[in-house]
Amino acid sequence: MSSPAFSTPQQVTDALEYRYATKTFDPSRIIAPAQWASLEQSLILSPSSFGLQPWRFIVVAKPAVRANLRAAAWNQSQVTDASHLVVFAAKLDMPQAHVDRFLALTAEVRRIDVAKLSGYRQMILGFTNNPEMPKLPWNTRQVYLALGFFMFAAAAQGIDTCPLEGIDPPRFDEVLGLQAEGFTSVVACAAGYRAVDDKSQPSISPKVRFDASEIVRHVR
């Protein structure tokens, strides 16, 4: 596959400038199916350490469930008003069975003998079986990589998002039945379109960022 040339540097910057944590969504505006399919692909194609994908993304459409989640998210209106809501969940552990399943899939997709991945398998297991490396915090960090990809993919299409860490994970887990599946809620993200009167949008409340000279360090 050749390198895609779908954006100029300025278009990338424009998308980043466009994005902000949308506080008020327009409930009447719905993300088109083709665009939503693209956003789901941004989740599927997100990077993770070793490629293990220790996550699950729950797209919540049912109004009654979203209402219950809103009650477990400090009554934040984005939970129910945005076009779509995604709950980002992390795997509670990293069992050897998951590693082996991933390597079997790798061998299938790349059309190689899984035995050729034995060295890679031992390297992964040397990390995941280390009792001094708690798995949930590590898995959680992978989930945030996917969140970033999702938010940028949305901004690149003119779709607004709001990451929501102000949630009660145990209550989210209960509503969605996640613990029984071996996952726990980490963060949610609402996606849709900003209301015209949202006072948080950059045209009304400009972004506040420290100067690049202060936060970017070059080592030459």
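Contact here means heavy atoms within 4.5 Å. The model is a predicted one.

Q: With which residues is tryptophan 36 in contact, leaving aside its neighbours within four places in sequence?
A: Tryptophan 36 is among the residues with the most contacts inside the largest nonpolar core, which has 21 residues. Once neighbours within four places in sequence are left aside, the residues in contact with tryptophan 36 are Ile31, Val59, His84, Val86, Phe150 and Ala191.

Q: Which element gives the most to the largest nonpolar core?
A: The elements that give two or more residues to this core are helix H2 (33-44), strand E2 (84-91), helix H7 (135-155) and strand E4 (183-192). With seven residues, the element that gives the most is H7.

Q: Is serine 46 buried or exposed, and what is its relative accessibility?
A: Serine 46 lies in the loop between H2 and strand E1 (55-59), and its side chain reaches the backbone oxygen of serine 42 at 2.6 Å. Leaving aside neighbours within four places in sequence, serine 46 is also in contact with Trp55, Ala146 and Phe149. Because buried means under 20% relative accessible area, serine 46 counts as buried, at a relative accessibility of 6%.

Q: How many residues apart in sequence are the parts that glutamate 181 and arginine 56 tie together?
A: The side chains of glutamate 181 and arginine 56 meet in a salt bridge, with an N to O distance of 2.9 Å. Glutamate 181 lies in the loop between helix H8 (169-176) and E4, whereas arginine 56 lies in strand E1, so the pair ties together parts whose separation in sequence, in residues, is 125.

Q: Which helix holds arginine 121, the salt-bridge partner of aspartate 100?
A: Aspartate 100 and arginine 121 meet through their side chains in a salt bridge of 2.6 Å, N to O. Aspartate 100 counts as partly exposed at 28% relative accessibility, and arginine 121 likewise counts as partly exposed at 22%. The pair links distant parts of the chain, with aspartate 100 in helix H5 (residues 96-110) and arginine 121 in helix H6 (residues 118-128).

Q: What is the relative accessible area of aspartate 160, which forms a salt bridge with arginine 194?
A: In this salt bridge the closest N and O atoms are 2.6 Å apart. Arginine 194 is buried, with a relative accessible area of 16%. Aspartate 160, in strand E3 (residues 160-164), is buried as well, and its relative accessible area is 2%.

Definitions and conventions:
Residues are numbered from 1 along each chain as its sequence is written. This is a predicted model: local features need pLDDT of at least 70, side-chain atom pairs count only at pLDDT 80 or more; totals for chains, interfaces and linings use all residues. Side-chain values use heavy atoms; hydrogens and water are left out. A nonpolar core is a set of buried Ala, Val, Leu, Ile, Met, Phe, Trp, Tyr and Cys residues joined through side-chain atoms within 4.5 Å. Buried means under 20% relative accessible area, exposed over 50%, partly exposed in between (1.4 Å probe, protein chains only). Helices (H or I, at least four residues) and strands (E, at least two) are DSSP runs, numbered from the N terminus. A polar contact is a pair of N or O atoms within 3.5 Å; within protein, one must be able to donate a hydrogen and the other to accept it, and residues adjacent in sequence count only if both atoms are side-chain atoms. A salt bridge is a side-chain nitrogen of Lys or Arg within 4 Å of a carboxyl oxygen of Asp or Glu.
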